[in-house]
Amino acid sequence: MSTEENKTIVRRFAQVWNKGGTEVIDEPAAPDLVVGYPLLPEDIHGTEAYKQFFVGFYNAFPDVGCRIDDLIAEGDKVTARWTIWGTHQADLPGLPATGKHTEWSGITIYRVVDGKVVEERGEEDALGMLQQLGVIPQPEQVTA
């Protein structure tokens, strides 16, 4: 597949983060998909497990939105720089609901094989998100 076709597949796949619904996952994802982010306690294996993750995520951030800010492709990899936002309305594992709005960004590398996303590995601004939610205190401002 061309890099432009791979970018189109990733754009469709990433709609799940825009509360596109878990049905968005099936078409562009391989059944043995592997997903990893630092905030996850372990990698997610398979589309069914990924759908279950999103059931909890949508519950915690019912107004979630996502924007892809940049998309770059080479070979079988597509890199996306993105921004996600939402209001933390319900518990996530280890993170009680705060009721606070947050916005964070990150970069994800997707690997596309035979027209399907087989891997999603990302890095997010977890510190910034947790500070906005009040879970980790903001550093005190230094005045000159």
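The 6 strands form an open sheet with mixed pairing, in the order 2-1-6-5-4-3. Its edge strands are strand 2 and strand 3, each of which pairs on one side only. This is a predicted model: local features need pLDDT of at least 70, side-chain atom pairs count only at pLDDT 80 or more, and totals for chains, interfaces and linings use all residues. Residues are numbered from 1 along each chain as its sequence is written, and side-chain values use heavy atoms, with hydrogens and water left out.

**Fold and confidence**

- The protein chain has 4 helices and 6 strands. Helices (H or I, at least four residues) and strands (E, at least two) are DSSP runs, numbered from the N terminus.
- Along the sequence the pattern is α-α-β-β-α-β-β-β-β-α.
- The radius of gyration is 16 Å, close to the 15 Å of the globule rule for 144 residues, so the chain is as compact as a globular protein of that length. That radius is taken over C-alpha atoms, and the rule is 2.2 Å times the number of residues to the power 0.38.
- Along the principal axes, the C-alpha atoms fill a box of roughly 50 × 35 × 25 Å.
- The chain averages a pLDDT of 92, and 97% of the residues score at least 70. pLDDT is the predictor's confidence in each residue, from 0 to 100.
- Among the elements, helix 2 (residues 23-26) has the lowest mean pLDDT (87), and strand 2 has the highest (98).
- Buried residues make up 44% of the 144 residues. Buried means under 20% relative accessible area, exposed over 50%, partly exposed in between (1.4 Å probe, protein chains only).

**Strand pairing**

- Two strands pair if DSSP finds at least two bridges between them.
- Strand 1 (residues 29-36) is mostly covered, with 6 of its 8 residues buried.
- Strand 1 pairs with strand 6 (residues 116-124) in the parallel sense over 4 bridges. Here Ala 29 stands opposite Val 117.
- Strand 1 also runs antiparallel to strand 2 (residues 44-45), joined by 2 bridges. Val 35 has Ile 44 as its bridge partner.
- Strand 3 and strand 4 are antiparallel and share 9 bridges. Cys 66 is the bridge partner of Ile 84 in strand 4.

**Largest pocket**

- Its volume is about 590 Å³. On a 1 Å grid over the protein atoms alone, a pocket is an open set of points with protein on both sides within 12 Å along at least five of seven lines; a cavity is a set where a 1.4 Å probe fits but cannot get out; lining residues have an atom within 4 Å of a point.
- Of the 25 lining residues, Leu 39, Leu 40, Pro 41, Phe 53 and Leu 92 are the closest to the pocket centre.
- Helix 3 (47-60), strand 4 (77-87) and helix 4 (126-132) each give two or more residues to this lining. Helix 3 gives the most, with 4 residues.
- By class, the lining has 19 nonpolar, 2 polar and 4 charged residues. Ala, Val, Leu, Ile, Met, Phe, Trp, Tyr, Cys and Pro count as nonpolar, Asp, Glu, Lys and Arg as charged, and the others, Gly among them, as polar.

**Largest cavity**

- The structure holds 1 cavity of 30 Å³ or more. The largest cavity has about 60 Å³ of space. Grid points are joined across faces, edges and corners, and a volume is the space filled by probe spheres set on the points.
- Its lining includes Trp 17, Cys 66, Trp 82 and Ile 84.
- Strand 4 gives the largest share of this lining, 3 residues.
- The cavity lining has 9 nonpolar, 1 polar and no charged residues.
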